[in-house]
Amino acid sequence: MGILGKLFGGRPNIEKMQRALAQGSYAEALHLGEDLLASGDETSELAAKLIAASDGLARLNLEEGVRSQQAGNTPLAEEHLQLALSQARSVELIKEVEVALAQGPSGDLPLAKEQAQTESSEASACGGCAPAPRQADVSADDL
């Protein structure tokens with residue numbers, strides 16, 4: 001390694017990638033990991049860190065996409081969510097992104113809406129936890 005390499009950090013290594021992940025610098029970690037992969041440094045540890053970096057970026061884009069949906073900015077939401085889908089590596093995160101893509105422009109989950117409606121109708125129908133509705137005493141003179 002030359003003097004400039006020593007001064008400016010040299011070639012990427014797994015420790016630098018770990019630091020970038022710990023700081024939430026997912027793009028930097030992904031870049032470092034891809035450089036390590038290109039140099040033939042393929043290990044299970046590197047693969048796991050690449051997945052973590054990709055999922056970290058995907059999570060950030062998922063969150064931004066959902067915020068954009070809630071703000072009514074559908075084109076921006078779609079862009080972030082499609083990017084998140086392309087970056088996600090874990091099955092759970094891919095499912096989360098797919099659910100967000102299926103949401104309406106308000107960012108409300110269709111499933112959550114249905115569940116809330118079911119729960120509220122069940123709560124009013126059970127009669128065990130809610131007081132019974134009272135009949136108002138109204139006479140003809142009151143009308």
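The buried residues of α6 pack against α4 (44-70) and α5 (74-87), where helices (H or I, at least four residues) are DSSP runs numbered from the N terminus. Buried means under 20% relative accessible area, exposed over 50%, and partly exposed in between, with a 1.4 Å probe and protein chains only. This is a predicted model, in which local features need pLDDT of at least 70 and side-chain atom pairs count only at pLDDT 80 or more, while totals for chains, interfaces and linings use all residues. Residues are numbered from 1 along each chain as its sequence is written, and side-chain values use heavy atoms, with hydrogens and water left out.

**Helix α6**

- Leu93, Val97 and Ala100 are the buried residues of α6.
- Seen down the helix axis, the buried residues of α6 fall within an arc of 60°, so they line one face of the helix; the arc is taken over the directions from the axis to the C-beta atoms.
- Val91, Glu92, Lys95 and Ala102 are exposed on the other side of α6.
- The 12 residues of α6 (residues 91-102) should span 16 Å at 1.5 Å a residue, and the end C-alpha atoms are 17 Å apart, which agrees. The expected span of a helix is 1.5 Å times one less than its number of residues.

**Helix α5 and its surroundings**

- In α5, the buried residues are Ala77, His80, Leu81, Ala84 and Gln87.
- These buried residues of α5 fall within an arc of 120° when viewed down the axis, so they line one face of the helix.
- Pro75 and Glu79 are exposed on the other side of α5.
- The cover over the buried residues of α5 includes α4 and α6.
- With 14 residues, α5 reaches 20 Å from its first C-alpha to its last, close to the 20 Å expected.
- At the start of α5, a side-chain oxygen of Asn73 comes to within 3.3 Å of the backbone nitrogen of Leu76.

- Ser68 lies in helix α4 and counts as buried at 5% relative accessibility.
- Neighbours within four places in sequence aside, Ser68 is in contact (heavy atoms within 4.5 Å) with Asn73, Leu76, Ala77 and His80.
- Ser90 sits in the loop between α5 and α6 and is buried, with a relative accessible area of 18%.
- The side chain of Ser90 makes a polar contact with the side chain of Asp55 (2.9 Å). A polar contact is a pair of N or O atoms within 3.5 Å; within protein, one must be able to donate a hydrogen and the other to accept it, and residues adjacent in sequence count only if both atoms are side-chain atoms.
- Glu45 is found in helix α4 and is partly exposed, with a relative accessible area of 43%.

**Nonpolar cores**

- The largest nonpolar core has 12 residues, including Ile14, Met17, Leu30, Leu50 and Leu57. Such a core is a set of buried Ala, Val, Leu, Ile, Met, Phe, Trp, Tyr and Cys residues joined through side-chain atoms within 4.5 Å.
- The elements giving two or more residues to this core are α2 (14-22), α3 (26-38) and α4.
- Apart from this core lies another, of 8 residues, among them Ala58, Leu81, Ala88 and Ala100.

**The whole chain**

- The protein chain has 7 helices and 0 strands.
- Of its 143 residues, 25% count as buried.
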